Amino acid sequence: MSRAAESSELNIYDAGITSFRDIKGLPTMVHLKSINLHRNRLTRIECLETLTNLMILDLSSNDIATVGSGLAALENLRVLNLSANRLTAIEGLGRLFRLKRLVLSYNAISSLEGMVQLHGDNYELEYLDLTGNQVAQVGQVQYLCGCSRLQAVHFQQPGGRHANPVCSSP
């Protein structure tokens, strides 16, 4: 087995990667615990089916518009960072029972309805960052009520910077 296949971390920043298929041997890197592909040009989440030991996935600052089923096999994922992408909806997270930290800041999300897929005592979500999105209706918060372990939700940065429109509602 190659050294890359045995590594527990994969960090490729700002390398212009447009597809997970561009990462040679990724499906054989089954020991990976952490992947950081910050600031690339990824548009889809794919080719992760064999990476069931993955605990941290940082896909921030890419061009991802939808999650789809690309995360379904990541049963041990604890931290997911999809900040600064092109997401407009929350979806594709229903199989992430062990997910504790979800960062969706700086996207174009206006509805939290997709959070219902993380409802119930079987889910471990504790932290949610929605800073810099487009949530405008205070009623959207109802979709967080079923996240039984949720302890912190951020709709803006400290001091009110990068707030969602809902933060200026009376």
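The protein exposes about 8,600 Å², and carbon and sulfur atoms supply 48% of that area. Accessible areas come from the Shrake-Rupley method with a 1.4 Å probe, and for residues only the protein chains shown count as cover.

The model is predicted: local features need pLDDT of at least 70, side-chain atom pairs count only at pLDDT 80 or more, and totals for chains, interfaces and linings use all residues. Residues are numbered from 1 along each chain as its sequence is written, and side-chain values use heavy atoms, with hydrogens and water left out.

**Overall fold**

The protein has 1 helix and 7 strands, arranged along the sequence as α-β-β-β-β-β-β-β. Helices (H or I, at least four residues) and strands (E, at least two) are DSSP runs, numbered from the N terminus. The C-alpha trace spans about 60 × 35 × 25 Å along its principal axes.

Of the 170 residues, 42% count as buried; buried means under 20% relative accessible area, exposed over 50%, and partly exposed in between (1.4 Å probe, protein chains only). Among contacts with a separation of 6 or more, 48% come from residues 24 or more positions apart, a contact being heavy atoms within 4.5 Å.

The protein carries 15 positive and 15 negative side chains, and the centres of the two sets lie 3 Å apart. Lys and Arg count as positive and Asp and Glu as negative, while His and the chain ends are not counted. Each charge is placed at NZ of Lys, CZ of Arg, CG of Asp or CD of Glu.

Glu46 lies in the loop between strand S2 (34-36) and strand S3 (56-58). Ser105 is in the loop between strand S5 (101-103) and strand S6 (127-129), and Asp121 is also placed in the loop between S5 and S6.

| Residue | Relative accessibility | Class |
|---|---|---|
| Glu46 | 10% | buried |
| Ser105 | 5% | buried |
| Asp121 | 60% | exposed |

Leaving aside residues up to four places away in sequence, Glu46 touches Ser19, Phe20 and Arg21. The side chains of Glu46 and Ser19 are joined by a polar contact of 2.9 Å. A polar contact is a pair of N or O atoms within 3.5 Å; within protein, one must be able to donate a hydrogen and the other to accept it, and residues adjacent in sequence count only if both atoms are side-chain atoms.

With neighbours within four places in sequence set aside, Ser105 is in contact with Ser83, Ala84, Asp129, Leu130, Thr131 and Asn133.

Asp121 touches Ser148 and Arg149, not counting residues up to four places away in sequence. A polar contact of 3.1 Å joins the side chains of Asp121 and Ser148.
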